Amino acid sequence: MEINKYIKSEMAKLDRGIVATPENREQLENFAGGCGQGSLILMQMAIQYGYKIALENLQIQYEQESII
């Protein structure tokens, strides 16, 4: 699968989950700010972890494409 198609298919899955995906960082920060102390740190940790998972998934997809 072409990497752009893979990314689009994965992004489409974000709207099907139980938890809503914010449209932008401002929405996410507003939500976290209303949840109490420490939520902004937890939010940043979640963003970084999500980024790490995304990079790992891209690496796996790239390696599979290289084998084929």
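Being 4 residues apart in helix H3, Lys52 and Glu56 are separated by about one helical turn, helices being DSSP runs of H or I of at least four residues, numbered from the N terminus. Lys52 forms a salt bridge with Glu56, with 3.6 Å between the closest N and O atoms; a salt bridge is defined here as a side-chain nitrogen of Lys or Arg within 4 Å of a carboxyl oxygen of Asp or Glu. Lys52 is partly exposed at 45% relative accessibility, and Glu56 is partly exposed at 35% (buried, under 20% relative accessible area; exposed, over 50%; partly exposed, in between; 1.4 Å probe, protein chains only). The model is a predicted one, in which local features need pLDDT of at least 70 and side-chain atom pairs count only at pLDDT 80 or more, whereas totals for chains, interfaces and linings use all residues. Residues are numbered from 1 along each chain as its sequence is written, and side-chain values use heavy atoms, with hydrogens and water left out.

By this rule, the count comes to 3 salt bridges. In helix H2, Glu29 pairs with Arg25, the closest N and O atoms being 2.9 Å apart; these residues are 4 positions apart, which places about one helical turn between them. Glu29 has a relative accessibility of 35% and Arg25 one of 40%. In helix H1, the side chains of Lys13 and Glu10 meet in a salt bridge at 2.9 Å, N to O, the two residues lying 3 residues apart, about one turn of the helix. Lys13 is partly exposed at 43%, as is Glu10 at 29%.

The largest pocket has a volume of about 1100 Å³. A pocket is an open set of points on a 1 Å grid over the protein atoms alone, where a 1.4 Å probe fits, with protein on both sides within 12 Å along at least five of seven lines; lining residues have an atom within 4 Å of a point. Of the 27 lining residues, the closest to the pocket centre are Leu14, Thr21, Ala46, Ile47 and Gly50. Helices H1 (3-13), H2 (25-33) and H3 (39-67) each supply at least two lining residues, and the largest share, 11 residues, comes from H3. The lining comprises 19 nonpolar, 5 polar and 3 charged residues.

Leu14 lies in the loop between H1 and H2 and is partly exposed, with a relative accessible area of 44%. Together with Ile3, Ile7 and Met11, Leu14 makes a nonpolar surface patch of about 340 Å²; such patches consist of residues with over 30% relative accessible area and no salt bridge, nonpolar side chains being joined within 5 Å and like charges within 9 Å.

How values were computed:
Points joined across faces, edges and corners; volume = space filled by probe spheres on them. Nonpolar A, V, L, I, M, F, W, Y, C, P; charged D, E, K, R; others polar. Areas by Shrake-Rupley, 256 points an atom, 1.4 Å probe, with all protein chains shown as cover.
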